[in-house]
Amino acid sequence: MVATSNSIGNSSGGVRVRFAPSPTGYLHVGGARTALFNWFFARRQGGTMILRVEDTDVERNRPELVEGILDGLRWLGVDWDEGPYFQSQRLDLHRAAAEKLAASGAAYFCDCPPEKYAGGDAVEETDDAKKEAGPRRVTRCACREGKAGLSVRNAAIRFRVPLGTTTKFDDAVFGPREVANEEIEDFVLLRSPKDGQEIGAPTYQLSAVVDDIDMRITHVIRGSDHISNTPKQALLYRALGATPPVFAHVPLILGPDRTRLSKRHGATSVGSYRDEGFLPEAFRNFLALLGWSPGEDAQFLRTLEIVARFSLEGVSRTNAVFDRAKLEWFNTEYLQKLPIDDLLPAVQAELERARLWQPEWAKEKREWFSKTVDLLRPRTRLLPDFSTWARAFFSDSFEYNPQAREKFWKDERLGSMLGKLADALVALPEWNHDACDHVLRELAAAEGVKAGLLINATRVAIVGQAVAPPLFETMVVLGQRPVVNRLRRAVEALGARIPPGETRGN
Ligand SMILES: [Zn+2]
């Protein structure tokens, strides 16, 4: 549902959180984790989840990315109760707030060149490094005291940081914070108008705070890279006559080398994990534990359990490390442990993608489908395993794995033996595990070969792979006619491989 800017919220109280992505890139792992933490918290508290697209950075903004971000959230299972709101449609509200602050003296006009603007825009990534070097010295421009000849027409609006005091806020994760106002620059609220503009563009600080107030956000849950913005925002809240929300800064996600997670560490977009075939619930479980702990050693936590346990107190201050092996472990766990009915839709989607899906598997042959997926899943790691490695379970059209063929079809007697096996199997009045087992072992004995030789060769013949579920269970789910046909096809394939010195007709 898309709401207009006039219809924000409802009159009830309670928790209201927002996820506020910028369409300057895809939905990355860090953003997804922030979205999830907001969502877990909203659902735990019976609150409202708001989606706000922060698309005011005209230069970096790419509107075509919005849909991809929303798709990523949907795949992740993050839904929202309000929005998406688009910040670019709310600029008048932001400008009005800046002008109101200028009129009240809480902000002032500044016509210094834009390159002299200090701070005030988005995240300052180098802030931590600067802080370690000791308290910052902030130079304030003369406009603050009413510079002579100031041209208001071309001016920006800067916030007038009250001096001689400190700014405090409570962070639900990092605890009480206090910053001397002397260290906070008079950040820009509204940039100076560009050529042809009547009025300038609001900055991130202004838009975010005005929207958070207007949307009655009670908890701002976001990455700890935003912690340096927070004193400025707390000041803005108070200047606008509003009480700041609860801030909760969640730890950063690092790569295995303990630097901030980036493309150097592999895929960082949520979409690439979807495309690789991870299960959304496994991905949620994995992301939930990047910076949050349920308070015990629990790892495998289904989403409803996470929601039931989620609290901001459980969020860690320690940066989390993105460990792909752990993510794969979660995926394998989910493939094996989910109730089968929860797994089937994901396998169906994968088979549809691979054009192997038959509608009857969701209807009259649903039980067969369920049984087959259950048989296969202990040997799967990612969803595409169902359409590649296990293709022969869902299609008659499959290739023999070259290594499997090389390894298990060496014996020259196999062509004749697989033919005899097909003849014996086609005559079976009942198709079940024990009957198949009996026929194969009896044939092996009669031919004077080990049953294993025939089992391995048959596996390659009927599923094309060296590794597959137990053979007789595989034969049962494939069915009598397909197994017999595939054995006969294998006899032909083996016959095509004419040993030297021997001739064979077609
Ligand atoms: Zn100035």
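**Entry 1: α15 and α17**

I began with the crossing of α15 and α17, and I found it right-handed; a crossing gets that name if the near helix is turned clockwise from the far one by less than a right angle, and left-handed if anticlockwise. The contact is made by His433, Cys436 and Asp437 on the α15 side and by Phe472, Glu473, Met475 and Val476 on the α17 side. I used the rule that two residues are in contact if their C-beta atoms, placed from the backbone, lie within 7 Å. Sorted by class, the contact of α15 with α17 holds four nonpolar, one polar and two charged residues. Here Ala, Val, Leu, Ile, Met, Phe, Trp, Tyr, Cys and Pro count as nonpolar, Asp, Glu, Lys and Arg as charged, and the others, Gly among them, as polar.

Next I looked up the geometry: α15 (residues 433–447) and α17 (residues 471–478) pack at about 120 degrees, with axes 9 Å apart. That angle makes α15 oblique to α17. The cut-offs are under 35 degrees for roughly parallel, over 145 for roughly antiparallel, 65 to 115 for roughly perpendicular, and oblique for the rest. Axes are lines fitted to C-alpha atoms, for helices over the stretch in contact, and angles run from 0 to 180 degrees between N-to-C directions.

**Entry 2: notes on the model**

This is a predicted model, in which local features need pLDDT of at least 70 and side-chain atom pairs count only at pLDDT 80 or more, while totals for chains, interfaces and linings use all residues. Residues are numbered from 1 along each chain as its sequence is written. Helices (H or I, at least four residues) and strands (E, at least two) are DSSP runs, numbered from the N terminus.

**Entry 3: α8 and α10**

The axes of α8 (residues 280–288) and α10 (residues 324–337) come within 9 Å and cross at roughly 135 degrees. The two helices are therefore oblique to each other, and the crossing of α8 and α10 is right-handed. From α8, the contact uses Glu281, Ala282, Asn285 and Phe286; from α10, it uses Lys326, Leu327, Phe330, Asn331 and Tyr334. I noted five nonpolar, two polar and two charged residues in the contact of α8 with α10.

β4 and β5 pair over four bridges in the antiparallel sense, and Tyr108 has Arg158 in β5 as its bridge partner. Strands count as paired if DSSP finds at least two bridges between them.

Then I looked at a hairpin: β6 and β7 form it with three residues between them. β6 (residues 166–171) and β7 (residues 175–180) pair in the antiparallel sense over six bridges. Thr167 stands opposite Val179 in β7.

**Entry 5**

β2 (residues 48–53) and β3 pair in the parallel sense over three bridges. Val53 has Phe86 in β3 as its bridge partner. Four of the five residues of β3 are buried; a residue is buried if 20 or more other C-beta atoms lie within 10 Å of its own, exposed if 12 or fewer, and partly exposed in between, with C-beta atoms placed from the backbone. Pro84 is found in β3 (residues 82–86), and the peptide bond from Gly83 to Pro84 is cis, with omega near 5 degrees.

Is Val161 buried or exposed? I found 22 C-beta neighbours inside 10 Å, so Val161 counts as buried. Val161 is in the loop between β5 (156–159) and β6. Leaving aside residues up to four places away in sequence, Val161 touches Asn181, Ile184, Asp186 and Leu235. Val161 and Glu183 are 22 residues apart in sequence and 9.7 Å apart in space, C-alpha to C-alpha.

Arg216 has a positive phi, near 50 degrees, in a residue other than glycine. Arg216 is in the loop between α5 (204–214) and β9 (219–223), and is partly exposed, with 16 other C-beta atoms within 10 Å.

Arg258 is not a glycine, yet has a positive phi of about 70 degrees. I placed Arg258 in the loop between β11 (253–254) and α7 (270–276). Arg258 is exposed, with 8 other C-beta atoms within 10 Å.
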